[in-house]
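I opened the model today and kept short notes as I went. The entries follow the order in which I looked things up.

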Amino acid sequence: MRKCTILIIAVFMLLGQVYAQKKQDHQAQAMEKISPKEFTTFKVSKNVTMYKVTFKNQYKLDVVGHLFIPNDLDLNAKHAAIIIGHPMGAVKEQSADVYASNMADRGFVTLSIDLSFWGESAGEPRNAVLPDMYAEDFSAAVDFLGTRTFVDRSNIGSIGVCGSGSFVISAAKIDPRMKAIATVSMYDMGSANRNALNHSQTLEQRKKIIAEAAAQRYTEFTDGETKYTGGTTHQLDENTNPIQREFYDFYRTPRGEYTPIGGSPKTTTHPTLSSNTKFNNFYPFNDIETISPRPLLFITGDKAHSKEFSEDAYKRAAEPKELYYVSNAGHVDLYDNIELIPFDKLEAFFKKYLK
């Protein structure tokens, strides 16, 4: 009997050691050190190390991100971390990495992610619209960070840039593990598609777009050509409106242009026509007040064409909340202009609310 008991104890000890080793191996394999020198759309301080990471969301799709860790960080201790999401139609190598690298240089563990169907993350068809899945990706990023030995899972925050501002709010409403949420140049992708800017789109115009997208489903169901919509124009002319020119200056010039491996410059920024109508059922600001008492920071340029969305969200949200205007800044200015992006404000916000 005694020998049997000793044997059982030994087996459990061995299983425990195997589990611990597997956990360590999983964490090591999940982080691949990479050089930022191959990227031109953002810069990484010599005080920060960059890693490529891959993890599963709840629907078993691979989410790929860039993890930035300050070199002087004690990896035997636990630290606050911040997740950053890219604008709708973009990828992490653009503005999300600008924010992630700069906030890491200020002492935070940061993780920029590609949303599902975009960039290096999984999901078919490519460039598909599924806002609930985008929100899920933020929660999956919390799963990943919260299981790193050097991250304090009770102190994880998030930043959503442009469209990701609405996705991270959608996520935070049902994921209280996000302890502090900031948005920058936020687009409410639901309202933007239902109503257009300044509610300039009529119901009849919306119905026409919906009908075109529905008809396109027949084409794709029978293996016809995929069509794309929205996004950034590929050339300018005398009729190009100022907002499109603003996006063109970022997405179609060396300043911010980036085509993921396996992608095509012809389709970058463009969602599929047949899926884009999913945004018509997306209402991220409904129940936004339930995020309280977790803090919300809405950052927008005082000249941004999109500031209506930050103002609307601020009006609906409960305390603690803040609406912060960046002087002389347009919408896209806050994608990558580090002279205008209020990093001091973001640092102060997260240091106050992430202990």
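**Entry 1: a helix pair.** I began with a crossing: H2 passes H11 in a right-handed crossing. I noted that this is a predicted model. H2 covers residues 95-104 and H11 covers residues 343-353. I looked up their axes, which come within 11 Å and cross at roughly 65 degrees. Then I listed who makes the contact. From H2 I have Val 98, Tyr 99, Asn 102 and Met 103. From H11 I have Phe 343, Leu 346, Glu 347 and Phe 350. By class, I wrote down six nonpolar residues, one polar and one charged for this contact.

**Entry 2: confidence.** I checked pLDDT next. The chain has a mean of 93, and 92% of its residues reach 70 or more. Where does pLDDT stay under 50? I found that stretch at residues 18-29. The model has four contacts for it beyond four places in sequence.

**Entry 3: the largest pocket.** I looked up its volume and got about 840 Å³. It is lined by 30 residues. Closest to the centre are Tyr 187, Met 189, Asn 193, Gly 230 and Gly 231. Which elements give two or more residues to the lining? I have four helices in my notes: H5 (189-195), H6 (203-221), H7 (242-251) and H8 (273-276). H7 gives the largest share, with four residues.

Entry 4: I went through the backbone angles with a general point in mind. Most peptide bonds are trans, and most residues other than glycine have a negative phi. I logged a cis bond between Glu 124 and Pro 125, with omega about -5 degrees. Pro 125 sits in the loop between strand S5 (109-113) and helix H3 (131-146). Asn 127 is also in the loop between S5 and H3. Its phi is positive, near 70 degrees, and Asn 127 is not glycine. I logged a cis bond between Glu 319 and Pro 320 as well, again with omega about -5 degrees. Pro 320 lies in the loop between helix H9 (307-316) and strand S9 (321-326).

**Entry 5: Asp 152.** How far apart in space are Asp 152 and Leu 354, C-alpha to C-alpha? I read 9.5 Å, for a pair 202 residues apart in sequence. I then listed what Asp 152 touches, leaving out residues up to four places away in sequence. The list is Lys 78, His 79 and Lys 355.

Technical notes. Residues numbered from 1 in each chain as written. Predicted model: local features only at pLDDT ≥ 70, side-chain atom pairs only at ≥ 80, totals over all residues. Heavy atoms only, no water. pLDDT = per-residue confidence, 0-100. Contact = heavy atoms within 4.5 Å. 1 Å grid on protein atoms, 1.4 Å probe; cavity = no way out; pocket = protein on both sides within 12 Å on 5 of 7 lines; lining within 4 Å. Points joined across faces, edges and corners; volume = space filled by probe spheres on them. Axes fitted to C-alpha atoms, helices over the stretch in contact; angles between N-to-C directions. Left-handed = near helix turned anticlockwise from the far one by under 90°. Nonpolar A, V, L, I, M, F, W, Y, C, P; charged D, E, K, R; others polar.
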